[in-house]
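Here is a protein model to talk through together. Let's take the labels one at a time and set each value against its cut-off.

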Amino acid sequence: MRPRTGNYFKVRKTPGAGRHKGQLNLKPTVKHIFVVLAAGLLLASCGHFSLSSFFRGDPLARVGKAELYLDDIRTIFTPGLTPEDSVELLHSYVDAWIKQQLKLQLAEEQLSAKQRDIDSLVTDYRNALMIFKFEQQYLDRHTDTLLTDAQLREYYDENRDEFATAGPMMKAVVVQVPDGFRQENQMREMARSGNAEKLQDLFDICVKNNIPYTEFTEWTDMSYIYASVPRGQQGSDNGLAADRSFYELMRGDTRYFIIITDRLAAGTPMPFSMTREVIRTTLLNRRKQDALRRLEDSVYNAAQAQKEIVTYFKDPDTQ
């Protein structure tokens, strides 16, 4: 009896068999395979003998020295399969196995010995993964993740230049006014005023008349605000970068009122509120790096003290 493994199929090497590239050997016909398979399953279910002893015999397919046997694939046949489905499944599986073996054969021929050294790659990956999992567990247990606003603010004050804006940042409101709306002029005056109370009156008119408007209450890149307006026939309007607080753009039958309520020039340090999470991440990463460095030093010093470390080379200066 051939030894079994947990795999769906095993590759068997035929001792002394010649290497014929791409040569396939499908000895039993599909019809015969299914008949034998069905008979074997029936008899085994009656307790006459085990499937493992029944499914010995000639291979189903051969590619080079690799062979696929019927007992290698018996687990793919589940109860309830019709004969047609079983035959189709068998064809599909054998075809996939053949293609896999051909690619493996090609890889063996084309890859260098170093490239074929999969074991070392698996070992390196396993080691790296185990160390990563251990470090994550260690950090979860030994890293203080509490950071106060005072600590975040201290870092911000000491590193303001790191948070300079790359481009203009704004807070704004974009109102979509239907062309010819009866209160259009009144709304335009409110939008131009720069007065908070009149801006609220503008919002009230929008709500009462189902006029869409969008508030950018957080600091937002100027280009993103302009992107909320459909592109015009002449392309982008770079006027939003100018020192203005109101813009009016016509798109189809809609007037877009862009109201700038606050702005930051390019190169200006971002407000602390915008940098809070970035600073938190930076400080936590520093703590993690420090914790891992202390761990490495502790483990190394303990191993040295217990004389568990032995090196067999000397620096040229000490020889």
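Q: What share of the 319 residues of the protein chain count as buried?
A: The share that counts as buried is 29% of the 319 residues. Buried means under 20% relative accessible area, exposed over 50%, and partly exposed in between, with a 1.4 Å probe and protein chains only. A word on the ground rules: this is a predicted model, where local features need pLDDT of at least 70, side-chain atom pairs count only at pLDDT 80 or more, and totals for chains, interfaces and linings use all residues. Residues are numbered from 1 along each chain as its sequence is written, and side-chain values use heavy atoms, leaving out hydrogens and water.

Q: Why is valine 122 called partly exposed?
A: Its relative accessibility is 48%, and the partly exposed class lies between the buried and exposed limits, so valine 122 counts as partly exposed. Valine 122 is found in helix α4 (residues 118-142); helices are DSSP runs of H or I with at least four residues, strands are runs of E with at least two, and both are numbered from the N terminus.

Q: Why is the aromatic pair of phenylalanine 216 and tyrosine 224 called edge-to-face?
A: Rings of Phe, Tyr and Trp (its six-membered ring) pair if their centres lie within 6.5 Å; planes under 30 degrees apart count as stacked, over 60 as edge-to-face and the rest as tilted. Here the centres are 6.2 Å apart and the planes are at 90°, so the pair is edge-to-face by that definition. Tyrosine 155 and phenylalanine 163 also form an edge-to-face pair, with 6.5 Å centre to centre and 65° between the planes. Both of these residues are buried.

Q: How do you know that the buried residues of α6 are on the same side?
A: In helix α6 (residues 184-193), the buried residues are Glu184, Met187, Arg188, Met190 and Ala191. They cover an arc of only 165° around the axis, which puts them on the same side of α6; the arc is taken from the directions from the helix axis to the C-beta atoms. The face turned away from that buried side carries the exposed residues Asn185, Glu189 and Arg192.
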